[in-house]
Amino acid sequence: MEAFRYVDGHLHAEGVKLEDIAARVGTPAYVYSRAHLEERYRTLCAAMEPRGADICYAVKANSNLGVLRTFAALGAGFDIVSGGELQRVLHAGGDPGKVVFSGVGKREDEIDLALKVGIRCFNVESAAELARLAGRARLHGCTAPVSLRVNPHVDARTHPYISTALETSKFGVPIDQARALYRQASREPALALVGIDCHIGSQIGDTEPLLEALDSLLALTDELAADGIELEHVDVGGGLGVRYRDEPEFDVARYGAALNAAMAGRPQRLILEPGRYLVANGGLLLTRVEYLKPAAPGATSFAVLDAAMNDLIRPALYRAWHEVVPVTPAGAGSLRRSWNLVGPVCESGDFLAEHRDLALAEGDLLAVLSAGAYGFVQSSNYNSRSRAAEVMVEGETFRLIRRRETIRDQLALELADDDPLGPGML
Ligand code: LLP
């Protein structure tokens, strides 16, 4: 399903004109299509048949409560990496019994909360974490369900910042040490060894590295069974790539078939932790052109937008490519040329796109596509810019799922209650 498409030259999100959203909530604003999120989830579930898999949506990709509620309503589980993400899942009505908790630095209070609400599994990343987890479980008189995140040393062949299974990565337990750690953990009554997991990276284009990692996990699972350690699940992480520009679509049908084949005859349940695949192309960033700075031929022309690197940092951080398209037909006075689309932030790295052939005029609305994953969640208040609004479209209607921040929100944590510039002045 195309979440965003043109009708008579006007870009729509499902059945809603993006101009109408801009008029009501202003810009910049993130806009999501609920139907798109639902369809991606269902497509992935279908690809995992006949065996089926438990989909634990990686909350970090987009943690808005409206997005989490959408997946909770579909029966999804969740992959979290902090106590904050756990609180979000609980607020969205997610089932803690379907939550897996990843991350290399779980604090005691985060572990305590997860033990209290009864999550499905802790994806443990080191011997030190295992010891801390056992200690907290003993203290609370309960048993902690554990999977070891294994680093299978597979090159995911993606951007170095989002490759997580190289020998130099901070993530997981090196595969050659995992068996000994499992055996050690099996002697600790406060721990229940329920699974094994890995996550080798993000925006992975083809299934090969993922399947290579799975092979390593399954070989280890067999060794553990020989040691008398029978696991209940195998969690292959996320990482499924999406199309930002001209990348081939990740072949979920092929991935599903290969996972089914690899798991044939095995009792373990399969878990996936997709983030980007489910949300990236279901969201866009709506922005307005503030100023044009056309240059002489040969020099660079800039269009200054009201969205910036603090709203969407992926281009600045990874040189990620996002398609940028007009929201309305170009007017007679617009200027066509190759533009660098930049924000108002005082950094030369503040760009959303470079060298884009567009016909622009001041005041035009633009849509930065494929911004549903790692967009809003990575935004900041840099330059004291208030963070964008977020909107969920459902058919012919839309809802504000996060209001635009105000300067009052920004200052609230810094002003003393009796400050003369306090709330009353703002
Ligand atoms: N599981 C774990 C343990 C992870 O660390 C991640 C992502 C996922 C699942 C979900 O991966 P996905 O299916 O979305 O590829 N900010 C970067 C991406 C960072 C990914 C971090 N970990 C970006 O904007 O490209």
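**Reading the Ligand Site and the Backbone**

Me: How far from a side-chain N or O atom of lysine 60 is an oxygen atom of the ligand?

Reply: The distance between an oxygen atom of the ligand and an N or O atom in the side chain of lysine 60 is 3.3 Å. Such a pair is read as a polar contact (N or O atoms within 3.5 Å). The model is predicted: local features need pLDDT of at least 70 and side-chain atom pairs pLDDT 80 or more, while totals for chains, interfaces and linings use all residues. Residues are numbered from 1 along each chain as its sequence is written, and side-chain values use heavy atoms, without hydrogens and water.

Me: What are the distances from oxygen atoms of the ligand to serine 202 and to glycine 275?

Reply: In serine 202, a side-chain N or O atom is 2.4 Å from an oxygen atom of the ligand. Glycine 275 takes part through its backbone, where an N or O atom lies 2.9 Å from an oxygen atom of the ligand. Of the 590 Å² that the ligand exposes when taken alone, the protein buries 91%; this accessible area comes from the Shrake-Rupley method with a 1.4 Å probe.

Me: Which residues around the ligand come nearest?

Reply: There are 19 residues around the ligand (a heavy atom within 4 Å). Those that come nearest are Ser202, Glu273, Arg314, Tyr318 and Tyr374.

Me: In what order do the three strands of the open sheet stand?

Reply: Strands are DSSP runs of E, at least two residues long, and helices are runs of H or I, at least four; two strands pair if at least two bridges join them. Here the order is 1-2-3, with antiparallel pairing. Strand 1 (4-7) and strand 3 (16-17) are the edges; each has a single partner strand, so one side of each has no neighbour in the sheet. Strand 2 (residues 10-13) is joined to strand 3 by two bridges, and alanine 13 stands opposite valine 16. The loop between strand 2 and strand 3 holds glutamate 14, a residue other than glycine whose phi is positive, near 45°.

Methods. Polar contact = N/O pair within 3.5 Å; in protein donor to acceptor, adjacent residues only side chain to side chain.
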